[in-house]
Amino acid sequence: MSDILRLATEADVIALSALIARSARELQAEFYPPEVLDVAVGTAFGLDPMLLADETYYLIERDGQPVACGGWSFRAKTYGAAGHLADATARMQPGRDAARIRAFFVAPDYARQGLGSRLLAACEKAAHEAGFTEAEMVATLAGEKLYSRHGWAVDRAYTEILPGGTELPVIRMTKRLSSRRGE
Ligand SMILES: CC(C)(COP(=O)(O)OP(=O)(O)OC[C@H]1O[C@@H](n2cnc3c(N)ncnc32)[C@H](O)[C@@H]1OP(=O)(O)O)[C@@H](O)C(=O)NCCC(=O)NCCS
């Protein structure tokens, strides 16, 4: 078993889009009903090309196949696939604003093997190295336990409204970044 953590590129788009859809549909099934997932996959949950272009989105390959992905961002957009909240591209300022943690998805067969934790550590480290001392995210109900485990605090639970009025309960979480964690 050989795991490689690397930046995701355009060449990974097809594989990662499939991985994200599978991860969302299977690992979130106990938290969101199918009709909500039908709308959320591809809008709230999906690959954001902005993160690829910014070189802030990572994947973990095992034996040559992507099995997990996740990233961070220095832009305002908090969550979502291509086109969702598409105007939120403003650059956040280290020291004033929080970096965003974005779009963590692990392939169902590879859950609970520490891959999400490894990606999270890499993203926190990269955001900290870019000068950010605060980070925030819009977490799914499925993701909360992973983030709580790594020192993230619940700011508030609320409901995002997706296209067509579909309601997606989520949790805004925050963390103060330090240089202690990382790869
Ligand atoms: C949330 C997610 C990314 C976690 O990834 P993961 O690789 O399974 O997480 P890890 O193996 O690093 O978990 C580390 C710790 O977090 C906690 N944790 C993670 N997932 C958990 C779960 N489903 N239930 C309870 N605790 C969980 C546990 O403490 C775990 O340690 P343990 O396995 O030794 O008990 C993954 O379940 C996933 O892709 N979910 C679907 C997509 C999603 O909701 N992503 C979050 C978007 S904000």
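User: Which residue in strand 3 is the bridge partner of isoleucine 60?

Analyst: This is a predicted model, and in it strand 2 (57-62) and strand 3 (65-73) run antiparallel and are joined by six bridges. The bridge partner of isoleucine 60 in strand 3 is alanine 68.

User: Which strands are the edge strands of the sheet?

Analyst: The sheet is open, with seven strands in the order 1-2-3-4-5-7-6 and mixed pairing. Strands that pair on one side only are its edges, and these are strand 1 and strand 6 (153-161).

User: At about what angle to strand 3 does helix 4 run?

Analyst: Helix 1 (residues 13-27) packs on the sheet, and its direction makes about 90 degrees with that of strand 3. Helix 4, in turn, lies across strand 1, strand 2, strand 3, strand 4 and strand 7, and its angle to strand 3 is about 35 degrees.

User: Which element gives the largest share of the largest nonpolar core?

Analyst: That core has 28 residues, of which Trp72, Ile101, Tyr147 and Trp152 touch the most other members. Buried residues of helix 4 include Leu119, Leu120 and Cys123, and they pack against strand 1, strand 2, strand 3, strand 4, helix 5 (144-149) and strand 7. The largest share of the core, six residues, comes from helix 4.

User: Which residue with a positive phi follows helix 4?

Analyst: Helix 4 has 15 residues and reaches 21 Å from its first C-alpha to its last, close to the 21 Å expected. After this helix comes a residue whose phi is positive, near 105 degrees, namely glycine 131.

How values were computed. Residues are numbered from 1 along each chain as its sequence is written. This is a predicted model: local features need pLDDT of at least 70, side-chain atom pairs count only at pLDDT 80 or more; totals for chains, interfaces and linings use all residues. Side-chain values use heavy atoms; hydrogens and water are left out. A nonpolar core is a set of buried Ala, Val, Leu, Ile, Met, Phe, Trp, Tyr and Cys residues joined through side-chain atoms within 4.5 Å. Buried means under 20% relative accessible area, exposed over 50%, partly exposed in between (1.4 Å probe, protein chains only). Helices (H or I, at least four residues) and strands (E, at least two) are DSSP runs, numbered from the N terminus. The expected span of a helix is 1.5 Å times one less than its number of residues. Contact means heavy atoms within 4.5 Å. Two strands pair if DSSP finds at least two bridges between them. Axes are lines fitted to C-alpha atoms, for helices over the stretch in contact, and angles run from 0 to 180 degrees between N-to-C directions.
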